[in-house]
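Open the model in your viewer and keep the sequence panel beside it. Each stop below says what to select and what is there.

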Amino acid sequence: MTPRPIDGAMIKRARTQLVSDADLAGRALARRLSQQADSWFESLAADLPPRWSLVATGGYAGGVLCPGSDIDVVLLHPAKTPEQRVREVAERLWYPLWDGGIKLSPAAHTTKSLLQLAADDLETATSILRVRCLAGDLDHVHELHEAAVQQWRRKPQLWLQRLAETGEQRWARYGDVASLLEPDLKDGRGGLRDHDMIRWALAADRAEVTEALECPFEDLAGSAEILLAARCELHRTTGRTSNVLLLQEQDRVAETMGYADADTLMLTISSAAHSIEWAGERFWRRVERVTRKGARGETHTARPLADHVPGVTVLDGEVQVSLDADLDEQAFVFRAAAAAAHQGHPLGGRSLRLLASRGYEPNEVWSERTRRAFVSLLGAGQAVVAAVEALEQYDLFSRFLPEWRHVRSRPQRNAFHTYTIDRHLLQTVANASDHVRAVSRPDLLLVGALLHDIGKGRPGDHTDVGMDLVDTIGPRMGFPTDDVAVLRSLVEHHLLLSETATRRDLSDPRTALNVADAVGDLGRLELLHALTVADSLATGPAAWSTWKSGLVDELVRTVAERLRGQPFDPDDAVAERRFAHLAEQVRADGALHIEHENVDDFYVLRIASRDRPGLFAVIAGTLAVHGLDVVGADAFTLAGGAAVDEFRIMRIGGGSPNWAKIEHGLLGVLSGEVDIEARLDQRVRTYGRARRRAVAAAQPRLEVLISNDASDSTTMIDVRAPDGVAVLYRLSRTLTGHGVDIRSAKVSTLGHEVVDVFYVQLPGSAGGIDGQIPADRHDAIRSSLKAALVD
């Protein structure tokens, strides 16, 4: 019976069945996918003409394929074959796989044309360093492979330089697999492509290149297997080809790979990537050095460090520790690491192993010299990140700070953050070093930056846990009791300034007084200010902006004035001065006045008009109808019946909003000509479904806090809710329905969560506690606000 020809439907059905096999995972699945593709090509190319060959290249040549991998194949044909004939054979091979939805990256060449292309093209040159015959002339494929390797080895310096350059570009684009919460498993630093890069470099078959790798290449195979398995499961569970392991995908991937939870999976991935990154970083630095020396005829010469530490020298760009160094001195590890970091040199692997061979008392109180050396290391700027990670490769950092082991490579289930906990802490330290001249105690700033999130990843509130840990760590480091109290305060209040500045009414006198009471003195305030900036910059791109910086600066200024005993400038006076020109126009003609400007990544829109009930809600609804993404808002009621509402709107794309159209729409809503509810319902139907799916994956919470304690004259309503269409409008409309006036509002968008804070007052109140919402009305308002956000 004649076998049924392979077609696209058969291929699609077979691939779907194989990918759906729950008994296959990781490398086993990758191997079976490769074998399946082999069988297709063997059948399709069974009758190749003589001296033709079908060749697997790239990753496919290695016998593994992820579900979303490109299948790289080359059809080798004899020279002078008519183009039409090549096309006929190629299409017979390619089209069934394309019809089956397979990602195929094919090419057709003669051996000569392929080698010519590989002579100058890095991607082609590396792809044929490993080839595998799928069908046809096996000897032909062997000849291609030998010629490709020999061609690669004739220009090793050129290829090594290009590999290093492309690696640097890729790392700058995709970041580190080990430290990112959402890593690119293939192209990130320490990922699968880095493993390939080392293999390609070793194909140069030069002794100095081979010796540049501190460990046998085979030792990295286990780490690469972990990343390959995760990439396979990512493709399978999502049905997509992306190599970025997003937070919302990590639980499913962990489950299919048999891990207890996503955190365990990400710890394993981070550890694997660290191994590849560590080996690769040192390998490429040494390769660059030896190839440069070969070109210049340089010799090996040891020299002392500029920051002289006995027994420590620089040799071939690495810091080396001699056997006669005082390795038993407690401070030596940090002295050597600090000197190396400040001079921009890494500690050599041999030296790290030598330092690790010495025993250290884990809970021994540090000497003054040890603490100073430790602080010096923390003050090395960006170099502190690589220095600490190098020490921790041999558990040297955590020998002195055992609490570090718990945060090492630990992920954070928070889309607002970019890095793992340990990398976030080190990046905060690096950022804090820019502010050491702005504070009177730079040592406490740097240590506080290192410890501010040390309680994360443990049961309980991370701030409370961190404060308790500082009570142990501080005395061990040799800090006196008063300094330990300051460090404890930095951990306790490390979020105070940023959260207050963005979520509280800075014009309310009570706001600055509350912060002043918590901080206690000017010295701690300056430390908290510097820590806030450093922490925010290390968190992620959404955590800091010129707008937020201005709010924090304003808060710090007013808190400092309270701590100095200076009088507070009344809130009405501040707003009146700031919006005097708008208020005067409104008082003169009673009309609507709009102004806007570009600030950072935002449009700042100010709308001034006669104050009226529900005005803030009407404006918020109009902006939502026009698709503007409000990320911040303030509402001000001024003397004489004028109101100014200020909105910060995210700038997306190159075009500006049609402000005239927005003003026309707002006038229509205010006059009753436009039904804002109907327009918003239509927008929710159009855009709400996809947004709800993304928000649901992030699982934000819905909470409403109502308090009369945050202000002496208004009631604060703090709403944390999933992001959605017209959230601000629905909340402000609900408050209007309860007959309260919105005196000011703070709006923040944190990933898929919004935090909207309203300061409200009973209408017609003269101020003071008489304007606050009675406690017996809080439950009703809370229930209404929650109901307004339920679709």
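## Stop 1: a histidine

Select histidine 109, which is buried at a relative accessible area of 16%; buried means under 20% relative accessible area, exposed over 50%, and partly exposed in between, with a 1.4 Å probe and protein chains only. Histidine 109 sits in strand β3 (residues 104-109). Strands (E, at least two residues) and helices (H or I, at least four) are DSSP runs, numbered from the N terminus. Setting aside neighbours within four places in sequence, histidine 109 has contacts with Val74, Leu75, Leu76, His77, Leu114 and Leu117, where contact means heavy atoms within 4.5 Å.

Before going on, note what kind of model this is: it is predicted, local features need pLDDT of at least 70, side-chain atom pairs count only at pLDDT 80 or more, and totals for chains, interfaces and linings use all residues. Residues are numbered from 1 along each chain as its sequence is written, and side-chain values use heavy atoms, with hydrogens and water left out.

Now colour by pLDDT, the predictor's confidence in each residue, from 0 to 100. The chain averages 89, and 94% of the residues score at least 70. Over residues 689-698 the pLDDT is below 50, and this stretch has 14 contacts in the model beyond near neighbours in sequence.

## Stop 2

Select arginine 303 next. From histidine 109 to arginine 303 the distance is 53 Å, C-alpha to C-alpha, and the two are 194 residues apart in sequence. The bridge partner of arginine 303 is valine 314 in β6. Two bridges join β5 to strand β6 (residues 312-315), and these run antiparallel; two strands pair if DSSP finds at least two bridges between them.

Show the three strands of this open sheet, in the order β5-β6-β7, with antiparallel pairing. β5 (303-304) and β7 (318-321) are at the edges with a single partner strand each, so one side of each has no neighbour in the sheet.

## Stop 3

Strands of a sheet pair through backbone hydrogen bonds, either parallel or antiparallel. Select strand β8 (residues 593-599) together with β9: they pair in the antiparallel sense over seven bridges. Histidine 593 is opposite alanine 608 in β9. Two residues lie between the strands of this hairpin of β8 and β9, and there aspartate 600 takes a positive phi near 55°.

Is strand β9 largely enclosed or left open? Eight of the nine residues of β9 (residues 602-610) are buried, so the strand is largely enclosed by the rest of the structure.

## Stop 4: salt bridges

Side chains of opposite charge can pair when their charged atoms come close. How many salt bridges does the structure hold? There are 50, a salt bridge being a side-chain nitrogen of Lys or Arg within 4 Å of a carboxyl oxygen of Asp or Glu.

Select lysine 746 and aspartate 634, which form a salt bridge with their closest N and O atoms 3.4 Å apart. Lysine 746 is in strand β14 (residues 741-750) and aspartate 634 in strand β10 (residues 630-637), so the pair ties together parts that are 112 residues apart in sequence. Both residues are buried. Salt bridges with shared partners join Arg578, Glu595, Glu597, Arg606, Asp634, Glu646, Arg648 and Lys746 into one network.

Move to arginine 353 and glutamate 214, whose side chains meet in a salt bridge (3.9 Å, N to O). Arginine 353 belongs to helix α15 (residues 349-356) and glutamate 214 to the loop between α10 (207-212) and α11 (221-238), so this pair ties together parts that are 139 residues apart in sequence. Arginine 353 counts as partly exposed at 42% relative accessibility, and glutamate 214 as partly exposed at 31%.

## Stop 5: two loops

Select aspartate 395, in the loop between α17 (383-392) and α18 (396-400). Its phi is near 60°, a positive value in a residue other than glycine. Then select alanine 726, in the loop between β13 (715-722) and α33 (727-737). Alanine 726 has a positive phi of about 60° although it is not a glycine, and at 12% relative accessibility it counts as buried.
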